[in-house]
Every structure is written in structure tokens, then in C-alpha cells.
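Q: Could you take me through this structure step by step? I would like to begin with the metal site and then go on to the rings and helices.

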Amino acid sequence: MSLVSTGELVAEARDAGHGVAAFNVITLEHAEAVALGAERAGLPAILQISENAVRFHGGRLAPIAAASAAVARASTARLSLHLDHVTDVDLLRASHAEGFSSVMFDASKLTYDENVKTTADAVRWGHERGIWVEAELGRVGGKEGEAPLDAHAPGVRTDPAEAAAYVAGTGVDALAVAVGSSHAMTERTAALDHELIGSLAAAVPVPLVLHGSSGVPDEEIRRAIAAGMVKINVGTALNTAFTGEVRGYLAAHTTGVDPRKYLAPAREAMAGTVTGFLGLLK
Ligand code: G3H
Ligand code: ZN
């Protein structure tokens, strides 16, 4: 009943001074858990499918996108569909036919000038089709199994003046920034640079996005939202919950073969994680 657009969820959250959470979907159970957690919290959420998740599904976007959209339509929670960390232009272009209202185009590994040029092209393409486009400046580490970056190394953290020029030069709708978080952390020990978040929020006219939020403690997320962060991306925390349940079940039931026996508690654990993060956003 309620597949909505990412742009409206982010705008609403920003206007209210709140955050909105985006959760990575790998399997159908992830999407169902996000819907369940959002329904229980009485809050909207973003279902995001990464380029890596598409690769896991054999490079086919349609099946997992259609399943996620169907979960959203059947949910009483307002949910949107977002394509995350896209580096492949063919995948970007495929998003339109599959019902995505938003994409994150990730050219952060390129030089500044190349990042601006390729992202501006992606934004032009997206806006012609009504697609909301997020992009990244600075380097949030820990992608695709890479070692966490030194968050203090030059060029890693996002510079406010460069961010303002980047947003003006690309026309992006939201900006993912490097402020001390890193992807794929299984412990919530990241310390964010709140002064930098405040400076970035003052410097750019678009909402800010925090990637790698699984490794960020509750209070740090609350403070980040208070300083101007709006979209809060969470992935690994769902997988930690999922895998913990599966591992526990299989260790205790060495002859069981029915996947529903461990996928049901795994999905329930992810829903609990979703509700926990949603509780931090106001
Ligand atoms: O774009 C996705 C997020 O940045 C997820 O990061 O898996 O570290 O929570 P995470
Ligand atoms: Zn990310």
C-alpha cells in the first residue's frame, strides 16, 4: 500500500529536524524485516539495494528489486526503494525500469574533477526521469572488504568548502560525507567529528548522509542528526543480527535442514535491529 519516494522521506525528516534510516536489503528476509521493524516503530524507512547485493544475485537487479517493492506495497509502513553505491552506469540506467525513486551514484574513488563530471552526468540522467540522486565526496572506508581508511588522512574527510563546490557543480540531491564512520564495522565504536558535520550542514544546501552507521554508537547517531545529518545508512548491523541467529540455531541443531527454522528467528532479530535504529531518529 505504501511504496513512497526517498525524496519525500528525506525532505520530511529534514524539515522536522529528524533522521530517516536506510537499511541494506540482501535477501527477501532483509526487506521483510525492515518492513516489520518500521511498522512496529510507526516510522518510515528506506529499503536500499547495493550494487554489491545485485552482484550477489547474479548481476540481476529485477528479482530483488521487485521483491522489495512488493514488500513495501504490502506494508502499512511508508517505505521507499533506493539503489546504493552504484559505480556501473548500466546499473544506474536499469534503476528506472525497476521502480527505484532514488540512487546513490558512487564516484568517490575518482579524482575530484572526474567525480564531479561523472556524477553531474548521473544527476542529469536521473533528474530527467524524476530520480533523486545522492553522491559521495571524501572517502568513507571499508567498502567491498577493503581495510578501514585512516579517517584523519588528507583527502579522506569531506572538506566543507569543497563540498559546497561539489554540490553546486553536480546538482546532487543529497551528499554522503566522510566524518569518521567506516563501512562494515561489527562493533559500534566509531567516533564522529560533530564539528565537521555542523560545518558541512552549514556549507551545503542539501541533506547529508551518514554511511557506515552500523559502527556508530546510539548517542553519536543522535548527536549527528542534531548537527544536521539526515539519511542514516545501516547494513552490517542487520547481518550481524541475522548471522548470529543462524549460527546459534545451526550449532544447537546439527541435523536440522528446514531453513525456515533459522530464517524466521534471523528475520525477527533483524526487525529488532531496525526498530532499535529507528528509535534514534527523533
Ligand atoms: O550504504 C550503506 C551503508 O553505508 C551501510 O554501512 O554496513 O557499515 O552499516 P554499514
Ligand atoms: Zn555506504
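The conversation below takes up the metal site, the aromatic pairs and a helix contact in turn.

Q: Before we start, what kind of model is this?
A: This is a predicted model.

Q: Which protein atoms are the donors of the zinc ion (ligand 2)?
A: The donors are NE2 of H85, NE2 of H183 and ND1 of H211. They lie 2.0 to 2.1 Å from the zinc ion.

Q: What spacing do these donors follow along the chain?
A: The spacing is H-x97-H-x27-H.

Q: And where do H183 and H211 lie?
A: H183 is in the loop between β7 (174-177) and α8 (194-203), while H211 is in the loop between β8 (208-210) and α9 (218-227). The pair therefore ties together parts that are 28 residues apart in sequence.

Q: Are H183 and H211 buried or exposed?
A: Both H183 and H211 are buried.

Q: Changing topic: how many aromatic pairs does the structure hold?
A: The structure holds 2 aromatic pairs. In one of them, Y112 and Y166 have ring centres 6.3 Å apart and planes at 55°.

Q: Why is the pair of Y112 and Y166 called tilted?
A: Planes under 30 degrees apart would count as stacked and over 60 as edge-to-face. The planes of Y112 and Y166 are at 55°, so this pair is tilted.

Q: Which helices do Y112 and Y166 lie in?
A: Y112 lies in helix α6 (residues 112-128) and Y166 in helix α7 (residues 160-170), so the pair ties together parts that are 54 residues apart in sequence. Y112 is partly exposed, with a relative accessible area of 27%. Y166, in contrast, is buried at 0% relative accessibility.

Q: What about the rings of Y249 and Y262?
A: Their centres are 5.9 Å apart and their planes are at 45°, so this pair is tilted. It links distant parts of the chain, with Y249 in helix α10 (residues 236-252) and Y262 in helix α11 (residues 260-278), 13 residues apart. Y249 and Y262 are both buried.

Q: Now the helices. How do the axes of α7 and α8 cross?
A: The axes of α7 and α8 come within 9 Å and cross at roughly 35°. The crossing is right-handed.

Q: Which residues make that contact?
A: From α7 they are P160, A163 and A164, and from α8 they are L196, S199, L200 and A203.

Q: What classes do the residues in the contact of α7 with α8 belong to?
A: The contact has 6 nonpolar residues, 1 polar residue and no charged residues.

How values were computed. Residues numbered from 1 in each chain as written. Chains lettered and ligands numbered in written order. Predicted model: local features only at pLDDT ≥ 70, side-chain atom pairs only at ≥ 80, totals over all residues. Heavy atoms only, no water. Donors = N, O, S within 2.8 Å, 3.2 Å for Na, K, Ca; no water. Helix = DSSP H or I, 4+ residues; strand = E, 2+ residues; numbered from the N terminus. Buried < 20%, exposed > 50% of the residue type's maximum accessible area, 1.4 Å probe, protein only. Phe/Tyr/Trp six-rings, centres within 6.5 Å; stacked < 30°, edge-to-face > 60°. Axes fitted to C-alpha atoms, helices over the stretch in contact; angles between N-to-C directions. Left-handed = near helix turned anticlockwise from the far one by under 90°. Contact = heavy atoms within 4.5 Å. Nonpolar A, V, L, I, M, F, W, Y, C, P; charged D, E, K, R; others polar.
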